[in-house]
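The following exercises ask the reader to examine one protein chain with the sequence and the model at hand. Each task is followed by a solution in steps.

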Amino acid sequence: MFGNDRDSMRRYYLQCWQKRQQKQPMDALEQQVASVIAEHPEYHALLERTDSALQRDYLPENAETNPFLHMGLHLGIREQVATNRPTGIRELYQQLVIQYGNNDAEHRMMDCLAESIWLAQRNQTAPNEAAYLECLKKR
């Protein structure tokens, strides 16, 4: 959506949230982003502090979760399920929803997605869809 421009991506999230709060018209993507934000009240206070939301680094070595990455993974999972790409993910998602409910299903899937993306970046390759689906089947 924004390439590697972290600030632009974060600003977009902030704008979507502001539009929702102000009941302004939103396009489909803005609605999706605002919906994910609404489902994460633990991030609302951060998103209201624009400067700190834009500038803060979230370091895994400090056991910090990056809220923008977390919400982006939700959006990624939802897009994959909607398009059934990789093929078979919609069925796996539906099985996880039956077991755990929508939110927990997405959280379980996000670990696999994050690992798949990390491995692809580390190896400078396209994500391995077969390995990703296999990870999901183990959930």
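The exercises below treat helix packing, a pocket and the loops.

The model is predicted, so local features need pLDDT of at least 70 and side-chain atom pairs count only at pLDDT 80 or more, while totals for chains, interfaces and linings use all residues. Residues are numbered from 1 along each chain as its sequence is written, and side-chain values use heavy atoms, with hydrogens and water left out.

**Exercise 1.** Determine how H1 and H2 pack and which residues meet.

Step 1. Helices are DSSP runs of H or I with at least four residues, numbered from the N terminus. H1 covers residues 6-21 and H2 covers residues 28-38.

Step 2. The two helices pack at an angle of about 85°, and their axes are 9 Å apart. Axes are lines fitted to C-alpha atoms, for helices over the stretch in contact, and angles run from 0 to 180 degrees between N-to-C directions.

Step 3. H1 is therefore roughly perpendicular to H2. (Angles under 35 degrees count as roughly parallel, over 145 as roughly antiparallel, 65 to 115 as roughly perpendicular and the rest as oblique.)

Step 4. From H1, Tyr12, Tyr13, Cys16, Trp17, Lys19 and Arg20 meet Leu29, Glu30, Val33, Ala34, Ser35, Ile37 and Ala38 of H2. Contact means heavy atoms within 4.5 Å.

Step 5. Sorted by class, this contact of H1 with H2 has 9 nonpolar, 1 polar and 3 charged residues. (Ala, Val, Leu, Ile, Met, Phe, Trp, Tyr, Cys and Pro count as nonpolar, Asp, Glu, Lys and Arg as charged, and the others, Gly among them, as polar.)

**Exercise 2.** Describe the packing of H7 with H5 and with H6.

Step 1. H5 and H7 have axes 9 Å apart and pack at an angle of about 100°. H5 is therefore roughly perpendicular to H7.

Step 2. Residues in this contact include His70, Leu73 and His74 of H5 and Asn103, Glu106 and His107 of H7. The contact of H5 with H7 divides into 8 nonpolar, 6 polar and 2 charged residues.

Step 3. H6 (residues 89-100) packs against H7 (residues 102-123) at about 125°, with axes 7 Å apart. H6 is therefore oblique to H7.

Step 4. Ile89, Tyr93, Leu96, Val97 and Tyr100 of H6 make the contact with Asn102, Asp104, Ala105, Glu106, Arg108 and Met109 of H7. By class, the contact of H6 with H7 has 7 nonpolar, 1 polar and 3 charged residues.

**Exercise 3.** Which helix gives the most to the lining of the second largest pocket?

Step 1. H7 and H8 (129-137) each supply at least two residues of this lining.

Step 2. H7 gives the most, with 6 residues.

Step 3. Of the 13 lining residues, Glu115, Ser116, Leu119, Asn128 and Ala131 are the closest to the centre of the second largest pocket. The lining has 8 nonpolar, 4 polar and 1 charged residues.

**Exercise 4.** Locate Lys23, Thr65 and Pro86 in their loops.

Step 1. Lys23 is in the loop between H1 and H2. Its phi is near 55°, a positive value in a residue other than glycine.

Step 2. Thr65 lies in the loop between H4 (50-55) and H5 (67-83). Not counting residues up to four places away in sequence, Thr65 touches Tyr43, Tyr58 and His70.

Step 3. Pro86 is placed in the loop between H5 and H6. A cis peptide bond, with omega of about 5°, joins Arg85 and Pro86.

Conventions. On a 1 Å grid over the protein atoms alone, a cavity is a set of points where a 1.4 Å probe fits but cannot get out, and a pocket is an open set with protein on both sides within 12 Å along at least five of seven lines; lining residues have an atom within 4 Å of a point.
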